[in-house]
Amino acid sequence: MLKTFRLGGIHPHDNKLSAEAAIETVSPAETAQFFLSQHLGAPAAPTVNKGDKVKVGQLIAKATGFVSANIHSSVSGTVTSIDVVADHLGIRRPAITVKVEGDEWDENIDRSAELVRRTDYTPEEIIKRVAEAGIVGLGGAAFPSHVKLSVPPGKKAEALIINAAECEPYLTSDYRTIMERGEEMLVGVQLLKKALGVQKAYIGVEINKPQAIEKLQALSSEYGEVEIVPLKKKYPQGGEKQLIKAVINREVPSGALPVDVGAVVHNVGTTLAVYEAVQKRKPLIENTVTLTGKIAAQQKNFNVRVGTPISRLIELAGGLPENTGKVVLGGPMMGKAISNLDAPTQKSTSSVLLISDSEAERREPSACIRCSRCVSVCPMGLEPYLLIRQTERKMYEALEQHNAHDCIECGCCIYTCPANLPLLDYIRLGKTEVLKIKRNRK
Amino acid sequence: MNTIIVTIAMLSALGVFLAIVLYFVAQKFKVYEDPRIDEVASILPGANCGGCGFAGCRAFAEALVANEDISALFCPVGGADIMNQAASHLGKTAAEKEKMVAVVRCGGSCELRPRTSTFDGARSCAVIAATYGGDTGCTYGCVGAGDCELSCDFDAIHINPVTLLPEVDDEKCTACGACVKACPKFIIELRKKGPKSRRIFVSCVNKDKGGVAKKSCAAACTGCTKCLKVCPHEAITINANLAYIDHTKCKLCRKCVEGCPTAAIHEVNFPPRKPAVEKAEVTA
């Protein structure tokens, strides 16, 4: 019997079209743009001025506070402006623009492909390097990783869980990372274990990736206590709380952090970034981005420098098909349709998904028929049909009582609704309002 | 026959006894309420719109009766007439307030502000504003899903299907402020209604730099300061690339309207201007 989480969940077709496409390295574009806020928490403060020369891997914006992350240039060239730039949603946010000239790397970065296995670091050293490298969670939420590694006093991490579930349909960046750089990632797992002071690590992989499970099982024997946990295929298994429930059968209560139940979860991409930061002194300037979709001319997995325009990736995969309805950043379930193709990629960009106009079309909503399907699929045990009404009526106290702030925005409710109600659109709004009220109360 | 009489007598006696009990209970637990509250409430419009800042007309009536000084209280729906009636009924003096009206400060019609994307999710301004930058290049302007129209209790604001911008009906608008609160982009403002409903305002809230704003919308205020220089009453201020006309200082001279290069300053309910030639002769 395969493990999985208890409440809710759905089974969309996985459409892993780009699974066999090897990772290709993309050379930098003419300009690269770096938003000062690519992570949760306080925006970084620029450390360069207009006209400065920067190298690949040079610090260009410094973290302001504990929950914040450094930002490094992923290209070499001249800083042309520090001004607002429209992001993928058309919202103008402060960013540093660098005009690319050559490809000159910072001398401290080890660019060889040689596998470094040494793990004789102290936990503090590892955490410091992770913070310096500006690593954030690459699973999507972009939460600064050094914060997760610094276990608060009085609490104890007991298990490290590596999230290789990749439950979102279409996405294959984590799968490709395991297949091509699995060994480096496993060294990363050891480093994370050391930083947290835990004995055991688990890697949760969904059963639809049998090759990845085989490969990890073959490799893991050399790397101490690492257990590969095959999981049933069910969305949203890659949600932090869902994965903890599936792998070690512990439930994170509402409002609590995973570390409260002794678990720390990191994504495959993040683990690899930790390896590179500690062993190679390479900050987070590159990530793996899947470019896929049924209508995409070519299925691709790219190794992309942060700050590359999204349009460049689309061009490299054969351009935008004529019948494109939506371009989605992220997976089809949680990703957001974007309105600005020239926007740069960010640290947490994992995929660019092209959806045809016929598939992207939303159906006309009708009245709720109280079938309660949304309730049975909600992995957080919420009542979406109720939350949408309460948001429409601005009943924020009631929303709080019904735990709207626990919503992980996985989209199971909207996926399953037979009345095509825009459930998540409203719940996301209600959740933001409730969080705002809770923050003000503090 | 006897049974019937006994039954009636018993029930009557019981009725009288319970009535006496109820009378004493009512006396004991009586809550005194100022009779004037009901009287004042009957004078008020009864719209329960919340424009006065209270939960409804009755709550407002209670406040009118309870407070000695009612100069801070005002019913925007009833206006000065109703306020004076209510005040004279209570023997107090009502505040003098000018008539206000809701003003939509966005002139980005479909023609002037080209659409760059389409949103096919929930038809709600609040949802659209929380989801992304909007379906045009301007992230400040009206998103046109009609939250203001839904919020209006007086049928006074409607989305024009051609321009996709809300339009306010001067006659019906009571300046209750419901649409001001409903708009997630903070476009709608309560301004002085002005003599003969004439008013001048900057119909733009875009704070982007001039070039960026102009690129996304042909009717955007670019913060060029032309209006600032021409205004004789110091009613205009420019903040973050955006001009704002203070409606308490504006004397409706219309000088700023003529000079605005993007026609972002709107004048409402003015008679048509005299032809330019004639005017030149007059000044000469």
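**Close-up views of a predicted two-chain model**

At 2% relative accessibility, B:Phe60 counts as buried (buried means under 20% relative accessible area, exposed over 50% and partly exposed in between, with a 1.4 Å probe and protein chains only). The model is predicted, so local features need pLDDT of at least 70 and side-chain atom pairs count only at pLDDT 80 or more, while totals for chains, interfaces and linings use all residues. Residues are numbered from 1 along each chain as its sequence is written, chains are lettered from A and ligands numbered from 1 in the order in which they are written, and side-chain values use heavy atoms, with hydrogens and water left out.

**View 1. Aromatic pairs in chain B.** Over all chains, the structure holds 3 aromatic pairs. In one of them, the ring centres of B:Phe54 and B:Phe60 are 5.7 Å apart and the planes stand at 50°, so the pair is tilted. Rings of Phe, Tyr and Trp (its six-membered ring) pair if their centres lie within 6.5 Å; planes under 30 degrees apart count as stacked, over 60 as edge-to-face and the rest as tilted. B:Phe54 is partly exposed, at 29% relative accessible area. B:Phe119 and B:Tyr132 make a stacked pair, with 5.7 Å from centre to centre and 20° between the planes. These two residues are 13 apart: B:Phe119 is in the loop between β1 (100–104) and α5 of chain B, and B:Tyr132 in the loop between α5 and α6 (147–151) of chain B. Helices (H or I, at least four residues) and strands (E, at least two) are DSSP runs, numbered from the N terminus. B:Tyr132 is buried, with a relative accessible area of 6%.

**View 2. A salt bridge between two strands of chain A.** A:Glu24 forms a salt bridge with A:Lys300, and their closest N and O atoms are 2.9 Å apart. A salt bridge is a side-chain nitrogen of Lys or Arg within 4 Å of a carboxyl oxygen of Asp or Glu. The pair links distant parts of the chain, 276 residues apart: A:Glu24 is in strand β1 (residues 23–25) of chain A and A:Lys300 in strand β14 (residues 300–305) of chain A. A:Glu24 is partly exposed at 34% relative accessibility, whereas A:Lys300 is buried at 11%.

**View 3. A salt bridge between a helix and a loop of chain A.** The closest N and O atoms of A:Glu183 and A:Arg117, which form a salt bridge, are 2.8 Å apart. A:Glu183 lies in helix α3 (residues 173–196) of chain A and A:Arg117 in the loop between β8 (92–100) and α1 (123–132) of chain A, so the pair ties together parts that are 66 residues apart in sequence. Both are partly exposed, A:Glu183 at 25% relative accessibility and A:Arg117 at 43%.

**View 4. A salt bridge between two helices of chain B.** B:Asp38 forms a salt bridge with B:Arg58, with 2.6 Å between the closest N and O atoms. B:Asp38 lies in helix α2 (residues 35–43) of chain B and B:Arg58 in helix α3 (residues 57–66) of chain B, so the pair ties together parts that are 20 residues apart in sequence.

**View 5. The contact between chain B and chain A.** The contact (heavy atoms within 4.5 Å) takes 18 residues from chain B and 14 residues from chain A. Between the two chains there are 4 salt bridges. A:Asp83 forms a salt bridge with B:Lys209, the closest N and O atoms being 3.1 Å apart. On the side of chain B that touches chain A, the largest share, 4 residues, comes from helix α5 (residues 125–131) of chain B.
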